[in-house]
Amino acid sequence: MDNFKNVLISNDLNALKNIDKIDIHNHSVSSCTKKYLIDHGINIFNDKIDDIQSLINFSRKYLTPLQLDEEGLAMLLNGNFENCIDTGVKYVSTEIDYKNCIRTFNSDVDKFIEFLKSFKYNNLKIFWDLGISRDSYKEEYKNIIIKLLNTKFFSGIDLTSTENSIPNSQFKEFYDLANSLNMVTKVHAGEQLGANYIYDCIKDFNPKQIQHGIHIVEDEKVMQLAKEKGIVFNVCPTSNIVLGYAKSIKEHPIKKMVEYGLKVTIATDDLLFFDSNINDEYIKLYKEGTLSVEQLDDIRLFGLSLFENN
Ligand SMILES: [Zn+2]
């Protein structure tokens with residue numbers, strides 16, 4: 001296998017595709033390419049996505065209707081996993097919202113899990129995170145979420161969408177349960193809101209991983225806390241720029257996070273919205289001089305170690 005560092009320096013995209021990587025901040029229904037959808041007869045118009053609200057609107061307009069039946073949902077998921085394989089992702093940890101159990105499988109937990117289990121590939125290992133979208137959460141969904149967590153099928157849990165739109169106290173019970181089941185507890189925090197909110201999430205949820213977390217660089221005390229706890233940050237630079245949470249790749253907070261010694265992985269978030277696959281993310285960070293080839297290779301190898309050293 002080619003050496004990752006040489007491949008990055010020589011900008012050999014084909015060789016880069018053959019080098020093992022992980023993607024552990026990946027939303028399962030929005031991670032296929034636009035081309036894949038067009039090839040499958042889906043009309044996705046060029047609605048502009050440049051902030052979190054336009055992303056949510058796009059999702060509701062085009063993606064939710066496709067998830068009303070198994071066939072549409074399977075099409076979206078297959079597109080995600082095909083892209084993972086095409087780009088050299090060996091392990092993907094992907095978020096699927098509990099709402100899919102309700103809307104696609106009429107709340108039949110067994111059927112939902114049977115369906116997820118059917119996605120199997122020789123050269124890609126899939127780990128499922130149970131997603132809970134803050135924005136649409138209601139107390140009446142509590143029982144099904146607890147039931148899904150207790151199946152022990154999901155390897156992780158992830159709290160998504162608008163940060164703090166509902167108080168953390170509403171979700172604490174899920175995180176206590178997930179931590180007690182030794183799941184990979186993830187939470188989206190510090191993308192839209194500042195370091196204070198990351199601090200609140202660390203205190204409230206005791207997460208093992210934070211999705212984005214880029215605003216942590218604003219507060220050294222929170223960085224210190226995250227470092228002591230060994231929290232892993234799954235950072236998606238292009239997503240942050242498109243949605244307006246970071247100025248540029250060159251000035252992206254990932255640099256400061258890495259230099260401070262935080263554990264970081266590089267990920268794609270929603271390929272369909274941001275049009276930047278895992279290899280693109282590595283190339284951009286290298287070309288802009290944000291991180292060195294050594295730092296990028298260390299990040300890649302650290303990611304693989306999360307799956308291969310246990
Ligand atoms: Zn995300």
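**Notebook: sheet, core and overall fold**

I started with the sheet. Eight strands make up an open sheet, ordered β1-β2-β3-β4-β5-β6-β7-β8, and the pairing is parallel. The model is a predicted one.

Next I checked the edges. β1 (21-27) and β8 (263-266) stand there with a single partner strand each, so one side of each has no neighbour in the sheet. From one strand to the next, the twist averages 25 degrees.

I then looked up one pair. Strand β5 (residues 184-189) runs parallel to strand β6 (residues 209-212), and four bridges join them. Which residue in β6 stands opposite histidine 188? I found glutamine 211 there.

I turned to the largest nonpolar core. This core holds 77 residues. Those touching the most other members are Ile157, Ile198, Ile216, Phe233, Val235, Met257 and Val264. Helix α10 (residues 195-205) gives the most to this core, six residues.

Setting aside neighbours within four places in sequence, I listed its contacts: Asp129, Leu130, Leu149, Phe174, Tyr175, Ala178, Met183, Thr185 and Lys186.

Last, I took the whole protein. I counted 16 helices and eight strands. The radius of gyration is 18 Å, close to the 19 Å from the globule rule for 310 residues, so the protein is as compact as a globular protein of that length. The C-alpha atoms fill a box of roughly 50 × 45 × 40 Å along the principal axes. I noted that 43% of the 310 residues count as buried. Of the contacts between residues at least 6 apart in sequence, 74% join residues at least 24 apart.

Notes. Residues numbered from 1 in each chain as written. Predicted model: local features only at pLDDT ≥ 70, side-chain atom pairs only at ≥ 80, totals over all residues. Core = buried A, V, L, I, M, F, W, Y, C linked by C-beta atoms within 7 Å. Buried ≥ 20, exposed ≤ 12 C-beta atoms within 10 Å, placed from the backbone. Helix = DSSP H or I, 4+ residues; strand = E, 2+ residues; numbered from the N terminus. Contact = placed C-beta atoms within 7 Å. Rg over C-alpha atoms; globule rule 2.2 N^0.38 Å. Pairing = 2+ DSSP bridges. Axes fitted to C-alpha atoms, helices over the stretch in contact; angles between N-to-C directions.
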